[in-house]
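Open the model in your viewer and keep the sequence beside it. The tour goes from one selection to the next.

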Amino acid sequence: MHKLGSRQELEEFRHSCEKALQAEKTKILVCGGTGCVAGGSLDIYARLRELMEENGINVEVELADDPHQDVVGLKKSGCHGFCELGPLVRIEPQGWLYTKVKLEDCAEIIEKTIKNGEFIERLGYKQDGKTVQKQEEIPFYKRQTRVVLEHCGHINAGSLREYVALGGYSALEKCLFDMTPENILDEVTKSNLRGRGGGGFPTGRKWVSCARQKEEPKFIVCNGDEGDPGAFMDRSIMEGDPHRLLEGMIIAGLAIASERGYIYVRAEYPLAVERLNIAIEQANEYGFLGENILGTGKNFHIRINRGAGAFVCGEGSALTASIEGKRGMPRVKPPRTVEHGLFDKPTNLNNVETYANVPMIITRGSEWYRSIGPDNSPGTKAFALTGKINNTGLIEVPMGTTLREVIYEIGGGMRDGAAFKAVQIGGPSGGCLTEKELDIPLDFDSLQKVGAMIGSGGLVVMDDKTCMVEVARFFMNFTQNESCGKCVPCREGTKRMLEILTRITEGNGQDGDIELLEELSDTISHTALCGLGKTAPSPVVSTINNFRDEYEAHIYDKRCPSGVCSKLKRFVIDPEKCKGCSKCARNCPVKAINGKVKSPYVIDQDKCIKCGACLTNCSFGAVREEA
């Protein structure tokens, strides 16, 4: 290996990488995303390699400089997306997907699939009693449009050579040799790419604004903090296709005349940090990063900063303060980050998914990008689909796709035949959407009209057994814990809201609590210092607007309609079924059950602590729970 110093050397290098990739007639892609790693996929990877070497199979774990024919490629890929069925193993060129693979399945995969080309039925995805062999034919994948995630699960996540073989760094090559900074800015602006971090601000407009700043130096910053509960889109990109992120950042640097970039990553993402470090090292070695990139005289350096897990550091000014070594707290704006950002210099800040879109916009053109999704919000969006739904995992769909399509086609509908109740979108900064909003397009402007936001892309689906008051309390508890404390509205307001919500879920709600929550929400949203504080009341506002009757049931009837809030539960004994065995009374820890042997027993509701011991100990089904 030597550092590439010209366009011709890059073309020769790309040709050798393509040749090496083509020599791999068979490929085994073991999911190396965090979810599958937790399920033991790295042990499966090691066992497959061991078995192939024992069987004399010519196996390569990295593209060879001098490839042999008929080699089997064994790869640790990024997240395949269908996380609940992991560990996942994909077989190419057939496109087969094996699900829930165990260590003991490895020998069978080698004997039947690698040696004899057979599909193992029991490891395939089952639908309506039939096995679906090809990954792209599984409904979860079939209805997606994977653009940003196209390589995740399909390439060796730690290989620059493989990324280059599939067209990686072609956009950088085009920007370096065929385009001016003005051309780059114009192409990104015409694409109408909007920031995927939640706000949806036009990326091209932000880049142009930063490029116009006269002060030097300028910085490129990537927000990989991703603090929303249940969200893991950016993590999967960093783990599964790190070079795409680097390429997007380098192009941004060329566009605004910046030579230094920072990636701010949550400390809870060690695998993402590891693979980004590998990618940065490789890119420097081959000449895509560092000094004199590909012999053009252009320079760009990237370093990683690890955040301590503070949710508020997802906000731009708090993030840059954290990189500087200060406490992560937001500041008053204006001035904006593009004017005075990192180290008080002009700074372009986008999130991981935004930068990952840039290489494709450059190589395929802004018109191609605008052909996907609505004109006001073109392109695709990655979502983390979780909750009471049959198919959970990482998905990518065109902007403008409806919730109904996501939940019932990709997600396979509600789990156990339960009724759909709501979906929380945008995490703690978002709101709840109900059945009447199922056909609203998922784009920035449409969601804003109904008081919701895409946010970073978390989708938590809830069924009819979900208590919406408890949902609001959960998110408010998260937000209150994560408040940086700098401004009074957020620091004190969220605390008061949490206290009220807790009282309501514990059966101590009072007349006027709903109105007080609405008043506090209005005050916080209008006076909090940063965007996170301003949107903190959103889950409360949306649940009150859509499920006011549930709040009223908690406050006035002292009952939880969904039967979730434990302190509002009632356990009663059916006298028709009670045999008078006294087992419930003997197991009650507070002696709240009275009666005589061989006669029906009764629960004293004033003494009952709602522990449920009577329910679990009754052998005759006489004890039941009332909401």
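Two strands are said to pair if DSSP finds at least two bridges between them. The model on screen is predicted.

Select strand β1, residues 24–31. Six of its eight residues are buried. Look for V30, which stands opposite V89 in β4.

Move on to helix α7, residues 170–177, and pick L176. Is L176 buried or exposed? Its relative accessibility is 15%, so L176 counts as buried, the cut-off being under 20%. Leaving aside residues up to four places away in sequence, L176 touches L254, I293, L294, T296 and K298. Select G295 as well: 119 residues separate L176 from G295 in sequence, but their C-alpha atoms are 9.8 Å apart in space.

The last stop is an open sheet of four strands, paired in parallel in the order β10-β9-β8-β11. Its edge strands are β10 (301–307) and β11 (347–351), each pairing on one side only. Neighbouring strands are turned by 20° against each other on average, direction ignored. Zoom in on β9 (residues 260–266), which is joined to β10 by seven bridges; V265 stands opposite R306 in β10. Finally, show helix α11, residues 242–256, which packs on the sheet and touches β8, β9, β10 and β11. The direction of α11 makes about 150° with that of β8.

How values were computed: Residues numbered from 1 in each chain as written. Predicted model: local features only at pLDDT ≥ 70, side-chain atom pairs only at ≥ 80, totals over all residues. Heavy atoms only, no water. Buried < 20%, exposed > 50% of the residue type's maximum accessible area, 1.4 Å probe, protein only. Helix = DSSP H or I, 4+ residues; strand = E, 2+ residues; numbered from the N terminus. Contact = heavy atoms within 4.5 Å. Axes fitted to C-alpha atoms, helices over the stretch in contact; angles between N-to-C directions.
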